[in-house]
Amino acid sequence: MRWTLALLGSLSACTALGTPGAEPRRDAEDPAMRPEPARALPAASAQGSAPASASPASPPAAGAFAQYPWLEGGAVGMPAPVDTLEKRFPPPRGFTRVSLAPEGFGAFLRTLPLAAKGTPVKSYRGDEIRADGHPNVAAVVAIDVGKADLQQCADAIVRLHAEWRWSHGQRDHAYRTASGTKLEFQRYVSGQRIRVNGNRIELVPSAKRAEATHALFRTWLDDVFGWTNTGALARDGERVALDALRPGDFFVLTGVPFGHTVLVLDMAKDAAGRRAVLLGQSFVPAQNVHVLRPEPARVWFVLDEAAGALTTPFWDPFPFDSLRRLPE
């Protein structure tokens, strides 16, 4: 059983929804036989470091990141925060950031803490995935990856959404697995844990009731990451028309064996109504959440509505009808 669970635990969040009714972790295939997508680990460009998007940030003021609870205690391997997404990346010339509800998910993402410039994207093992100066990476978010290959593309969106809700005092978190089983934080607090039963999972009382601390919450999230994927995210996310796009929405593609998703971190508009967005992602293997660049000289993606899809560096174009939103 230990070997079986270890094998199941190595599968990717950047995968499609499995066979209906089955509950293998991520996919039903043998992960030992599955290569990683060729586009997942592009080599650094010979063009060298991308130009800076803003002047060097001054040290953050005390309490500047108080709404980001994962920063307390400093998880192992987590890069230190030095400034925010909003401060580092001003909108393109002629564009103005859109107004956001101050307590909403979009506002939470707009001021995400960023690691220092020059921070490479690393895997959960500490291996360098994308070096400083990669032409399609603008910044690394100051959030931990975890100790296992769990916080991949769909999981990073769940993580940020869950942390936003936690920061506003919510403790009724619940996310569904690939086959639809609801994983609720309060059941975890009560002592219920996942048990594998054949090709399904069940929740059984197996631990003492615990205090609902952020540390326990973070452990529960790893359970969620272990059993959700892009298919679950696409299924449970509300479909959003492009005209209603806002920060906190995400584009998601499922597929066999791979899928992927990118999160809209911020948005700006110009006088003509064109929209520019900042995008973030994690990938395979689990790695630092990072801000994308469309090309070395730009960090904002200007949406071309006539194209019918959003083109990003590491995946197929996302059709605009792949846009989704988690409940707020």
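Which element gives the most to the lining of the largest pocket? Helix α6 does, with three residues, in what is a predicted model, where local features need pLDDT of at least 70, side-chain atom pairs count only at pLDDT 80 or more, and totals for chains, interfaces and linings use all residues. Residues are numbered from 1 along each chain as its sequence is written, and side-chain values use heavy atoms, with hydrogens and water left out.

**View 1. The packing of helices α4 and α6.** Helix α4 (residues 153-167) packs against helix α6 (residues 214-227) at an angle of about 150°, and their axes lie 11 Å apart. The pair is therefore roughly antiparallel, a term for angles over 145 degrees, and the crossing is right-handed. From α4 the contact (heavy atoms within 4.5 Å) takes in D155, V158, R159, A162, E163 and W166, while α6 brings H214, F217, R218, L221, V224 and F225. These residues divide into seven nonpolar, one polar and four charged.

**View 2. The largest pocket.** About 370 Å³ of space lies in this pocket, a volume being the space filled by probe spheres set on the grid points. A pocket is an open set of points on a 1 Å grid, where a 1.4 Å probe fits, with protein on both sides within 12 Å along at least five of seven lines, and its lining residues have an atom within 4 Å of a point. Of the 19 lining residues, V76, G77, D144, V145 and G146 are the closest to the centre.

**View 3. A cis peptide bond.** V284 and P285 are joined by a cis peptide bond with omega of about -5°.

Conventions. Axes fitted to C-alpha atoms, helices over the stretch in contact; angles between N-to-C directions. Helix = DSSP H or I, 4+ residues; strand = E, 2+ residues; numbered from the N terminus. Parallel < 35°, antiparallel > 145°, perpendicular 65-115°, else oblique. Left-handed = near helix turned anticlockwise from the far one by under 90°. Nonpolar A, V, L, I, M, F, W, Y, C, P; charged D, E, K, R; others polar.
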